[in-house]
Amino acid sequence: MSSSFGQNIQVHIFGQSHSPMLGVSIDGLPAGYELDLQHIQSFLDRRRGGKDAHSTTRAEPDQFRIVSGLIDGATCGAPLCALFENIDTCSADYQQVATIPRPSHVDYYVDEKYFGAQDIRGGGHFSGRMTLPLCFAGAVCLQLLNRWDIHIGAHIEQIHTVLDQPYDPLAVTLDDLQHGGSFPVNDPAVETTMKQVIADAAAEGDSVGGVIECAVIGLPIGVGSPLFAGIENRLSTAIFAVPAVRGIEFGAGFAAAGMLGSEHNDAFCLKEDADTTRHNDLHVNDLHVGELDHKSNNAGGVVGGLSTGMPLIFRVAIKPTSSIAKEQDSVDLDSMQPVKLSIQGRHDPCIVPRAVPCIEAAAAITLADMVVNSHA
């Protein structure tokens, strides 16, 4: 089981959904950075359930306790470790999971992998609850990135078939990324419709999924590497740590398959303030500035694994919540007979709103790990 990520900044997540505590250790943070702990808590509150009708009724406080890594509020070079208590658990809701696996959940597969020794309560270490320590690490990395003038934000681009206004891939601004709240959309007019779609599905004992669009601005040219260590590779690995993710695309994404090369290529042009006299005397640091601009951004800000200096744009598909009250087919593993299963307990009718900060966090961890050496 691998619950660690990163090369320069290493994030290690531990615990289970219903264990007494869960937490995260972050190693490799630059020393001497003062952290805004209130801002971290506000970021975690965006992910927290139990506060509105479109999320689970499990109401955990999600307050963290830092046990190492800070001196007088600033990083000190030691691993930063934070713990969270699990208080509002209802483990009895998962008794049937031991013998009747839930469709599209990991229950049956993890039972085969660990020979029945796994923690079935709330999904154990495979639970969406594990995105809480992920978000803590992401909130820390976001503060580092912001100090380096790199900013990340995301919004709900789609709930079921209802669409929000996408980011302008050529001109994402800092204001565009500062949504806040528990239901971030670009067009406030779609929020009511989206919430009604979620409520209608919940009333039927069902669930819905959607799409999250994330943007990063301020990345210098050339972050990343070819082949296995490109931005897309590293981001995809971290993004898929969020259990509900089913796909990711950058820029035009899958739509590129239906475009001509002349349509998809991002043509070059000079920046308005370009210095056209400097090309004969290039220095290494100049390569990160760049005098060229682009007329489009179908690449989504990354080509050949390297950042292009344009806004980094990617979209993430989130599946409908697997735990639904509507009756489904399963098998009783004791009797090996088909059974009907209606899942009880506390579950989100739509995971998408609470997944938005999780996607931001995964992106922040990845990019902080990739650029920390040039800023430490």
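Which residue forms a salt bridge with Asp 329? Lys 340 does, with the closest N and O atoms 2.5 Å apart. A salt bridge here puts a side-chain nitrogen of Lys or Arg within 4 Å of a carboxyl oxygen of Asp or Glu.

## The model

This is a predicted model: local features need pLDDT of at least 70, side-chain atom pairs count only at pLDDT 80 or more, and totals for chains, interfaces and linings use all residues. Residues are numbered from 1 along each chain as its sequence is written, and side-chain values use heavy atoms, with hydrogens and water left out.

The predictor's confidence in each residue is its pLDDT, from 0 to 100. The chain has a mean pLDDT of 90, and 91% of its residues reach 70 or more. Over residues 280-287 the pLDDT is below 50. Beyond near neighbours in sequence, that stretch has four contacts in the model. A contact means heavy atoms within 4.5 Å.

## Salt bridges

The count comes to 12 salt bridges. Lys 340 and Asp 329 form one of them. This pair links distant parts of the chain, 11 residues apart: Lys 340 lies in strand E18 (residues 337-341) and Asp 329 in strand E17 (residues 328-332). Strands (E, at least two residues) and helices (H or I, at least four) are DSSP runs, numbered from the N terminus. Lys 340 is exposed at 54% relative accessibility. Asp 329 is exposed at 55%. Exposed means over 50% relative accessible area, buried under 20%, and partly exposed in between, with a 1.4 Å probe and protein chains only.

Arg 354 and Asp 348 also meet through their side chains, at 2.9 Å from N to O. Both of these residues are buried. Shared partners join Arg 47, Asp 62 and Arg 129 into one salt-bridge network. Asp 45 pairs with Arg 48 at 3.5 Å, N to O. Asp 45 is partly exposed at 26%, and so is Arg 48 at 23%.

## A buried threonine

Thr 366 sits in helix H8 (residues 352-371). Its relative accessible area is 0%, so Thr 366 counts as buried. The Thr 366 side chain reaches the backbone oxygen of Ala 362 at 2.8 Å. Leaving aside residues up to four places away in sequence, Thr 366 touches Phe 5, Arg 234, Leu 235 and Ala 238.

## An exposed phenylalanine

Phe 268 belongs to strand E12 (residues 268-270). At 57% relative accessibility, Phe 268 is exposed.

Conventions
A polar contact is a pair of N or O atoms within 3.5 Å; within protein, one must be able to donate a hydrogen and the other to accept it, and residues adjacent in sequence count only if both atoms are side-chain atoms.
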